[in-house]
Amino acid sequence: MIVAAAAAQGAAQGADRRVPVDPNEPPWNAIAKVQSTIGEHCSGVLIAPSVVLTAAHCLYNRRTRVLLQPVSLHVLFGYQRAQYRWHRQVARLTVGPGFDGTAGRPQPGDWARLELSEAVPVTPLPLFDGGVSPGMMVTLAGYNQDRAQLLMADLECQIRHVAALSAAATFLFHDCAATRGTSGAPLLTRREGGWGVIAINIAASQTENLALAARFGN
């Protein structure tokens, strides 16, 4: 059974294919570590010069049962071993329609756009607008809980199953290795024109992980 919340994410299934990648080289330099003042961290991806996409549940304070305020969030690019190249604060955040932080299941609204206080001088990764199907090769890169000081990527994984929820959202089950902390990390594909973001990771289990492809706002 897929576990929705990052707090319940287990260890990656099967053989661990993750390798460290350079957070200062493209496309990895567009992947961010999203930290909060309550000690939580997730991953995110720059999709516009001042917009980062992540998972909404990463921004939910379970103690107070409300979303964190933008001032509580810090977005770090080029993060490695407690050092980073760019730090940005969040000016505004928007979560997906209908997101409920108290729900214990995957949700089509489990995404968030972070509007940064200042643009980041790296090339954003565009949202992929092509077709997605089982067997498609993908890559997942993010800041895993067990290797939190390094940007880790599984370069050799694939989509196992596609579940269309509505015209606005689709769940993608995949076999990329991930743990807690990779919520909000981008599921990537590489095409002739370069890398693109297919979805963001939102949950994991012992057998497969779950990513969300949605209309992530404007």
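A pocket here is an open set of points on a 1 Å grid over the protein atoms alone, with protein on both sides within 12 Å along at least five of seven lines, and its lining residues have an atom within 4 Å of a point. Its volume is the space filled by probe spheres set on the points, which are joined across faces, edges and corners.

This is a predicted model, in which local features need pLDDT of at least 70, side-chain atom pairs count only at pLDDT 80 or more, and totals for chains, interfaces and linings use all residues. Residues are numbered from 1 along each chain as its sequence is written, and side-chain values use heavy atoms, without hydrogens and water.

The largest pocket holds about 240 Å³ of space. Of its 16 lining residues, Phe128, Ile198, Ala213, Ala214 and Arg215 are the closest to its centre. Two or more lining residues come from each of β12 (169–174), β14 and β15 (209–214); strands are DSSP runs of E of at least two residues, numbered from the N terminus.

| Strand pair | Bridges | Direction |
|---|---|---|
| β10 (residues 137–142) and β13 (residues 186–191) | 2 bridges | antiparallel |
| β13 and β14 (residues 194–204) | 6 bridges | antiparallel |

Leu140 has Leu187 in β13 as its bridge partner, while Arg190 stands opposite Trp195 in β14. A hairpin through 2 residues connects β13 to β14.

Val75 can be described by its contacts (heavy atoms within 4.5 Å). Beyond its neighbours within four places in sequence, Val75 is in contact with residues including Ala32, Trp86, Leu114 and Leu116.

Conventions:
Pairing = 2+ DSSP bridges. Helix = DSSP H or I, 4+ residues; strand = E, 2+ residues; numbered from the N terminus. 1 Å grid on protein atoms, 1.4 Å probe; cavity = no way out; pocket = protein on both sides within 12 Å on 5 of 7 lines; lining within 4 Å.
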